[in-house]
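Here is a short tour of one structure. Keep the sequence and the 3D view side by side as you read.

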Amino acid sequence: MTYPVPWIKIPVRTALAIWYQWTTRTELPELSKVSVLMRQRNKVENTLRAMQHAGPGTLQVISDFDMTLSRFAHHGKRAPTTHNILDHRLLIDEDCACNMRKLLKIYYPIEIDPSLTSEQKIPLMVEWWTKVHHLLIQQKIQRDMLAQAVQESGVILREGYEVFFDRLAELQVPLLIFSAGVGDILEEVVRQSQVFHPNVHVISNYMDFDANGVLRGFKGPLIHTFNKREGALLLAAPLPELRERPNVLLLGDSLGDLAMADGVARPHNLLTVGFLNDQVEERAESYVEAFDIVLVKDESMEVPNALLKFITSGKDAK
Ligand code: TMP
Ligand code: MG
């Protein structure tokens with residue numbers, strides 16, 4: 001479902017560029033929707049054509065998970081993130097849930113605050129994730145219970161996700177899901193949505209269970225919203241499936257997600273799509289500056305699917 005974009009405060013130059021993009025014909029009608037903002041439509045179209053010309057064999061897709069592949073809201077209610085799915089009495093007690101919610105109330109506004117720089121946010125994000133993971137470890141969460149918690153969570157991927165995942169699998173285009181959420185939960189959501197195809201790779205915070213299947217910690221370096229560059233260099237760059245693919249379609253919902261492509265060795269073409277879910281007025285300008293395409297309050301995969309169809313309908317597409 002797509003909502004019309006409200007009038008948002010942006011500089012005149014950007015407003016004119018957006019007006020031009022809405023009123024000019026394009027090979028991709030989806031880009032003329034009022035919920036789509038682009039600062040440089042010509043650049044977007046040139047990049048798309050270059051990617052189409054190079055063919056699907058040169059393409060990789062890198063996507064964030066929470067609030068990018070999964071929905072921000074559904075039927076007017078916030079949809080859960082992978083961390084929030086853990087808020088289930090099978091896994092954690094009321095006290096822990098209450099503490100996690102308190103932390104969310106404190107730190108989420110900081111995460112999305114456009115007046116703070118990433119450098120200012122980083123120590124606070126580390127604090128948030130560390131506190132939450134500490135709370136979770138105390139709960140002795142059982143691995144066997146995760147699937148049921150996901151099933152009963154109400155988590156839902158964006159409308160049209162099947163087309164997105166299935167087309168990438170069909171064309172053997174690798175999809176790297178790069179998430180600061182909880183990897184075990186993320187995998188379960190993708191599995192239960194029946195789209196965990198062999199081309200899907202996940203980089204995330206994975207739980208570490210003891211021999212009895214009880215949570216005892218988290219594996220590897222902590223990934224939060226604003227250190228994805230380090231994760232990209234350390235964990236994504238070595239993946240052999242991605243190494244020889246210089247064209248990247250990147251999807252995210254945070255400015256921190258733009259760093260997910262920093263591990264690509266010799267990028268030729270990079271097209272970035274940002275879902276602007278929340279605090280639209282306050283953040284529109286920075287999103288339009290940073291992402292090639294901004295989707296405002298759009299809970300669907302309609303535009304990413306159209307981009308993908310265009311890019312992969314060239315010469316060596318099946
Ligand atoms: P993402 O990288 O897949 O988007 O996952 C990170 C999101 O997780 C980030 O936007 C904030 C969210 N989050 C929660 O909802 N609850 C929490 O307790 C924490 C630590 C993060
Ligand atoms: Mg996200």
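This is a predicted model. Start at Glu-111. Leaving out residues up to four places away in sequence, Glu-111 touches Lys-121, Met-125, Trp-128, Thr-225 and Phe-226. Glu-111 belongs to helix 4, which covers residues 94-111. Glu-111 is buried, yet it has no salt bridge. The nearest side chain of opposite charge belongs to Arg-283, 7.1 Å away.

Next, the metal site. Which residues coordinate the magnesium ion (ligand 2)? They are Asp-64 (OD), Asp-66 (O) and Asp-253 (OD), at 2.0 to 2.2 Å. The donor residues follow the spacing D-x1-D-x186-D in sequence. Asp-66 sits in the loop between strand 2 (59-63) and strand 3 (73-74), and Asp-253 in the loop between strand 9 (247-252) and strand 10 (269-276), so the pair ties together parts that are 187 residues apart in sequence. Asp-66 and Asp-253 are both buried.

Last, Ala-149. This residue lies in helix 6, residues 146-151. Ala-149 counts as buried because its relative accessibility is 0%. Beyond its neighbours within four places in sequence, Ala-149 contacts Ile-85, His-88 and Leu-91.

The table lists the distances given for pairs of residues.

| Pair | What is compared | Distance |
|---|---|---|
| Glu-111 and Arg-283 | side chains of opposite charge | 7.1 Å |
| Ala-149 and Ile-185 | C-alpha atoms, 36 residues apart along the chain | 9.0 Å |

Note on methods
Residues are numbered from 1 along each chain as its sequence is written. Chains are lettered from A and ligands numbered from 1 in the order in which they are written. This is a predicted model: local features need pLDDT of at least 70, side-chain atom pairs count only at pLDDT 80 or more; totals for chains, interfaces and linings use all residues. Side-chain values use heavy atoms; hydrogens and water are left out. Helices (H or I, at least four residues) and strands (E, at least two) are DSSP runs, numbered from the N terminus. Buried means under 20% relative accessible area, exposed over 50%, partly exposed in between (1.4 Å probe, protein chains only). Lys and Arg count as positive and Asp and Glu as negative; His and the chain ends are not counted. A salt bridge is a side-chain nitrogen of Lys or Arg within 4 Å of a carboxyl oxygen of Asp or Glu. Contact means heavy atoms within 4.5 Å. Donors are N, O and S atoms within 2.8 Å of the metal (3.2 Å for Na, K and Ca); water is not among the atoms, so sites may look incomplete.
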